[in-house]
Amino acid sequence: MNIEKRSLNTLEPYSVAPRDEDPRAIYLDANENPYPQTFTLTNATFNRYPESQPTVLIERYAKFLGVQPENILVSLGGDEAIKLIIEAYCNGDEDAILCSPPTFGMYAIDAQVVGAKVLTAPLTQDFQLDVPALLESMQDAKVVFICSPNNPTGNVMKLDEMETILRAADHAIVVVDEAYIEFADQPSFASRLAEFPNLAIIRTLSKAFGLAGIRCGFTVANHEVIRTLKKVIAPYPMPSPVVAIAESALTDAAIDQMKANVARIQATKSHFIKALATLDCVNKVYRSDANFVLIEVTAADALMAHLKNEHIYVKRQSGAFSDLIRISIGTDEEMARVITALKNFV
Ligand SMILES: *Cc1c(COP(=O)(O)O)cnc(C)c1O
């Protein structure tokens, strides 16, 4: 007899591409950073529980963002932040989240796990917010997710339209997911907490900082929101080795290194986009403000099989978007191999 709770019956276990099983593989399916920084742990004793919310790490990240430490909650990746926000604000069977597909899948998955409804206001043709639809559905939602730059489309949302949604949020939390903001020209909402009491920003060290492996993310919000999230988060969420590495990633020198890597990825991206434009199998290249590019292709099934055969892993979208393929920006060599593979696709 299946005794799992009903809200899980329609869900599948999350599936991700394997890592490091194939030495020839190029992994461009998870928007990882191709430039690792190397860290060493000193003072590695672990008999004590870690700090509940690590002071030095929070101080450094607060300084990086220009906010106060009381505005930051550290969690196991942005992924945990999404989960915490939904748990803190949504009762199953009663409350709903609202998001704008095509967007990050975890919003809907985490909502379903707690039994909350998932309302959608799909993005417009040019992948911008459908403001009237959002304003209407917001009446019935406790948490609204805006992802900017959006995964998987790659573009930022228009600033004034995000502001419209934020201003209208009197009985909903508006989450602005800024996982890729370091790659965008548009400013973060972090400096604007005072204007928007119900704003919660999600940030991560997984993308621009190249630390996907340590699982460190942040919620940036007004103190009252942080206080609510602290009711839900585990007493000792952050393992001490993770905290130690995250702290070293936020020194001035490491932040400069991060910015240099972002610039390198931007340069690789513009070359890659130019090369894509010359290919017959690519119908459209979408504008990207992130470390990945979304393309529309003609024969997605065959193309995916061809790339797999070349040991290149990319992320194809599903359902109505199955002509769309998201390709993370790796090194110059990796992207040259992708272009060669696409050229050879007939
Ligand atoms: C990668 C990502 C995150 C956070 O990832 P973590 O590795 O859990 O920090 C959050 N939102 C979006 C849209 C992402 O792509």
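1. β10 and β13 pair in the antiparallel sense, with five bridges between them; strands count as paired here if DSSP finds at least two bridges between them. Within that pairing, Phe292 sits opposite Ser328 of β13. Helices (H or I, at least four residues) and strands (E, at least two) are DSSP runs, numbered from the N terminus. One thing to keep in mind throughout: this is a predicted model, where local features need pLDDT of at least 70 and side-chain atom pairs count only at pLDDT 80 or more, while totals for chains, interfaces and linings use all residues. Residues are numbered from 1 along each chain as its sequence is written, and side-chain values use heavy atoms, with hydrogens and water left out.

2. Still on β10 (residues 292-297): five of its six residues are buried, so the strand is largely enclosed by the rest of the structure. Buried means under 20% relative accessible area, exposed means over 50%, and partly exposed lies in between (1.4 Å probe, protein chains only). β10 also pairs with β9, antiparallel again, over three bridges. Val285 has Ile295 of β10 as its bridge partner, and a hairpin of six residues connects β9 to β10.

3. Now the whole sheet. Four strands make an open sheet in the order β9-β10-β13-β12, with antiparallel pairing. Its edges are β9 (282-285) and β12 (315-316), each of which pairs on one side only. β12 is joined to β13 (residues 324-328) by two bridges, running antiparallel, and Lys315 stands opposite Arg326 of β13. As a reminder, strands of a sheet pair through backbone hydrogen bonds, either parallel or antiparallel.

4. Over to β3 (residues 96-99), where the pairing is parallel. Four bridges join β3 to β4 (residues 117-120), and Cys99 has Thr120 as its bridge partner in β4. On β5 (residues 143-147), β3 has a parallel partner too, through two bridges; there Ile97 stands opposite Val143.

5. Together with helix α3 (residues 106-113), β3 and β4 form a right-handed β-α-β unit. Right-handed here means that, with the strands pointing away from the viewer, the path from the first strand over the helix to the second runs clockwise.

6. Which residues come nearest to the ligand? Of the 13 around it, they are Gly78, Asp177, Tyr180, Thr204 and Lys207; a residue is near if one of its heavy atoms lies within 4 Å. Helix α2 (residues 77-89) supplies the largest share of this shell, three residues. By class the shell has four nonpolar, five polar and four charged residues. For that count, Ala, Val, Leu, Ile, Met, Phe, Trp, Tyr, Cys and Pro are nonpolar, Asp, Glu, Lys and Arg are charged, and the others, Gly among them, are polar.

7. For the ligand's oxygen atoms, a polar side-chain atom of Arg215 lies 2.7 Å from one. A polar side-chain atom of Asn151 is 2.9 Å from a ligand oxygen, and a backbone N or O atom of Asp79 is also 2.9 Å from a ligand oxygen. Taken alone the ligand exposes 380 Å², and the protein buries 94% of that. Those areas come from the Shrake-Rupley method with a 1.4 Å probe; for residues, only the protein chains shown count as cover.

8. Asn151 turns up again in the backbone: a cis peptide bond joins it to Pro152, with omega about 15 degrees. Pro152 belongs to the loop between β5 and α5 (159-168). Another cis bond links Pro101 and Pro102, omega about 0 degrees, and Pro102 is in the loop between β3 and α3.

9. Two positive phi values to check. Most residues other than glycine have a negative phi, and most peptide bonds are trans. Asp93, not a glycine, has phi of about 70 degrees; its place is the loop between α2 and β3, and at 73% relative accessibility it counts as exposed. His311 has phi near 65 degrees and lies in the loop between α9 (300-309) and β11 (312-313). His311 is buried, with a relative accessible area of 18%.

10. Last, Glu182, in the loop between β6 (173-177) and β7 (199-204). Is Glu182 buried or exposed? At 16% relative accessibility, Glu182 counts as buried. Its side chain makes a polar contact of 3.4 Å with that of Arg203. A polar contact is a pair of N or O atoms within 3.5 Å; within protein, one must be able to donate a hydrogen and the other to accept it, and residues adjacent in sequence count only if both atoms are side-chain atoms.
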